[in-house]
Amino acid sequence: MLGFEAGPIAREVRAGQFVNLLLRPGPLLRRPFSVYRAEGEVVELVLKAVGEGTHRLLELHEGDRVSLLGPLGRGFTLDPSAGQVTLVSGGLGVAPMPLAARQARAMGLRVCWVHGAPTAADLCTEWEGDEVRWATEDGSFGTRGTALDAMPESPGQVLACGPLPMLSALAQRRPAAQVAVETVMGCGTGVCLGCAIPLASGGYDRACTEGPVYRADSIAWERLPAPTCRRGEA
Amino acid sequence: MTTSRAEPGDPPSGLPELDSVWRWPLEVGGVRLLTPVMAASGTFGFGTEVPLCDRRALGGMVCKGIFLTPRTGAPPPRIVETPSGMLNAIGLQGPGVETLIRDYAPLWATWEFPVLVNLNGETVEEYAELAARLDGVPGIAGLEVNISCPNVHRGGMLFGHDPQPAAAVTAAVRARTRLPVWVKLTPATGDIAAVARACEEAGADALCAVNTFLGMAFDAETGRPRLGFGTGGLSGPAIRPLAVYLAHRVAQAVRIPVIGIGGITCAEDALEFLLAGCRAVQVGTATFVDPNAIGRVVEGLRRRRLPPGHLSSIDACSRQDASSQR
């Protein structure tokens, strides 16, 4: 978890929106991160050391500076009449959920958070809301399976973020769920057209501008490749 | 004039201010640029998408490449970062010329800086038809003929490989418009000077050098190319020395102005192209990283000094080379 002093972003950000972060020295392009929490003047991001860039981020000291562009994209849309909202997260898909939980509770919605990971050791233990459910693929903690297997039968409104296979499986079961999609990005502001999301209705739009939150059945999942990054470059 | 001791990386000392040598606005290839720094095609959208940019710094803008009809673009992934560079295969996704004329040109007509339209086609006739369609449309200051896009299956870069097809496209566009005609060259040619001269003789008012370098990256995990299109165009600082060299070759080969493009991120980078003989530059990939990259480049240029008489020396050198190579 990293906190950055960024008052204008912290005050405006909605759950599901992201910031595009530039580290110097570092990779040429910015990297998008969902906003995990926003308190006062501080924006919090959650990340895992997968490559040189994320390693370097985790080595930042208090007082170091980065450039954050945001808040970007369209976040989750909460329906106050839904009564309940279920947050479904897999792995680092926890990122947009604390903000979503707070916004939902502020609207009077009951919040159930379902979180899944490969093993108990990978599970993010922080949660917010009224109820939490856990799932691990190896069964070492909570339900054996993915977060989808631990969802309540009547979930109300469903908001999800996580690996593409989890999201596309969710689209089959809950077509109206809102999913936050992770993809490679260039500019993050709608110019480069690099973050193309294939639409079920044909063509593409931009994850950074029309997304990154989509109705689950509006994405042509079979045409959306998993983000790849060369080891050491992320 | 400065007398302070020069540090490594400092600009040359004891030289006249840039804008005493280089008066802005300036006329380049029939277009009145407000500064010598423009936004490159594909990196500034249609001019409405880039936030936080000091638009007073913009010398002009070239809009996203346009075809006669709308195009959906290439399958994802469309972008891969490589060392100091970026491979892209967007595939010229765009709305088609009628939308451009209806939605964007009227907006551009109200802007201070000039907007050029980046022209694309699969056949010579498509380029010509586009040129005719845009002739006389208020808000369009010129055309940039793209014979250098690596990310389409037909047309694009194929016209830029050799002098004859490059000249054919240029002449066809020239014949159908009164607008200034710039031609954007590809590095994918054996003799860029020959292509440049062919475009000049076919009626081009200026040349842009260069578009992206064709490149490829594989994913060792999946064994597949990392771009959905397979190949892509390399841009960013990685290509800068290659681009400066090619821009210099082009500037030496022709009398018409050359606009330098390739990995510019700061004023020093832009200066390299100006010293190589270019009259103006375009900034591209850097805008993705810093939306105000052009503002920074122009601000830096204002404070820079140039070697005395560099323009006249480059002019003389290009004339001499051009005549000796003819």
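This is a predicted model: local features need pLDDT of at least 70, side-chain atom pairs count only at pLDDT 80 or more; totals for chains, interfaces and linings use all residues.
Is A:Trp134 buried or exposed? A:Trp134 counts as buried, because its relative accessible area is 17% and the cut-off for that class is under 20%.

1. **The contact between the chains.** Chain B contributes 32 residues to the contact and chain A contributes 29 residues, and between them the two chains bury about 2400 Å², of which 64% lies on carbon and sulfur atoms. On the side of chain B, the residues B:Glu81, B:Phe288 and B:Val289 supply 27% of the area that this chain buries against chain A, which is more than any other three residues supply.

2. **Which elements of chain B take part.** Strand E5 (79-82), strand E6 (85-88) and helix H8 (285-289) of chain B each supply at least two residues of the side that touches chain A, and the largest share, three residues, comes from H8(B). Sorted by kind, the residues on this side of chain B divide into 16 nonpolar, nine polar and seven charged.

3. **A buried glutamine in chain B.** B:Gln282 is found in strand E14 (residues 280-283) of chain B, and it counts as buried because its relative accessibility is 1%. The side chain of B:Gln282 is joined to that of B:Glu144 by a polar contact of 3.1 Å. Leaving aside residues up to four places away in sequence, the residues that B:Gln282 touches include B:Met38, B:Val62, B:Trp182, B:Lys184, B:Cys208 and B:Ile259, as well as B:Glu144 itself.

4. **Salt bridges in chain A.** Over all chains, a search of the whole structure finds 22 salt bridges. One of them pairs A:Arg37 with A:Glu44, whose closest N and O atoms are 3.0 Å apart, and both of these residues are buried. A:Arg37 and A:Glu44 also belong to a network of salt bridges in which A:Glu39, A:Arg102, A:Glu126 and A:Glu128 are linked with them.

5. **Salt bridges in chain B.** Side chains of opposite charge can pair when their charged atoms come close. In chain B, the side chains of B:Asp103 and B:Arg102 meet in a salt bridge at 3.0 Å, N to O; B:Asp103 counts as partly exposed at 40% relative accessibility, whereas B:Arg102 is exposed, with a relative accessible area of 57%. A further salt bridge is formed by B:Arg240 and B:Asp269, with the closest N and O atoms 3.2 Å apart. This pair links distant parts of the chain, since B:Arg240 lies in helix H6 (residues 240-253) and B:Asp269 in helix H7 (residues 267-275), 29 residues apart. B:Arg240 is buried, with a relative accessible area of 17%, and B:Asp269 is buried as well, with a value of 5%.

6. **Aromatic pairs.** The structure holds five aromatic pairs over all chains. The pair of A:Trp134 and A:Phe141 is edge-to-face, because the ring centres are 6.0 Å apart and the planes stand at 65 degrees; A:Trp134 is buried, while A:Phe141 is partly exposed, with a relative accessible area of 40%. The rings of B:Tyr127 and B:Phe159 have their centres 5.5 Å apart and their planes at 85 degrees, so this pair is edge-to-face too. B:Tyr127 lies in helix H3 (residues 124-134) of chain B and B:Phe159 in the loop between strand E8 (142-146) and helix H4 (163-175), so that the pair links distant parts of the chain, 32 residues apart. B:Tyr127 is buried, with a relative accessible area of 0%, and B:Phe159 counts as buried at 12% relative accessibility.

7. **An aromatic cluster.** Finally, B:Phe46, B:Tyr104 and B:Trp108 form one aromatic cluster in chain B.

Terms used: Residues are numbered from 1 along each chain as its sequence is written. Chains are lettered from A and ligands numbered from 1 in the order in which they are written. Side-chain values use heavy atoms; hydrogens and water are left out. Contact means heavy atoms within 4.5 Å. Buried area is the accessible area (1.4 Å probe) that two parts lose on being put together, summed over both. Helices (H or I, at least four residues) and strands (E, at least two) are DSSP runs, numbered from the N terminus. Ala, Val, Leu, Ile, Met, Phe, Trp, Tyr, Cys and Pro count as nonpolar, Asp, Glu, Lys and Arg as charged, and the others, Gly among them, as polar. Buried means under 20% relative accessible area, exposed over 50%, partly exposed in between (1.4 Å probe, protein chains only). A polar contact is a pair of N or O atoms within 3.5 Å; within protein, one must be able to donate a hydrogen and the other to accept it, and residues adjacent in sequence count only if both atoms are side-chain atoms. A salt bridge is a side-chain nitrogen of Lys or Arg within 4 Å of a carboxyl oxygen of Asp or Glu. Rings of Phe, Tyr and Trp (its six-membered ring) pair if their centres lie within 6.5 Å; planes under 30 degrees apart count as stacked, over 60 as edge-to-face and the rest as tilted.
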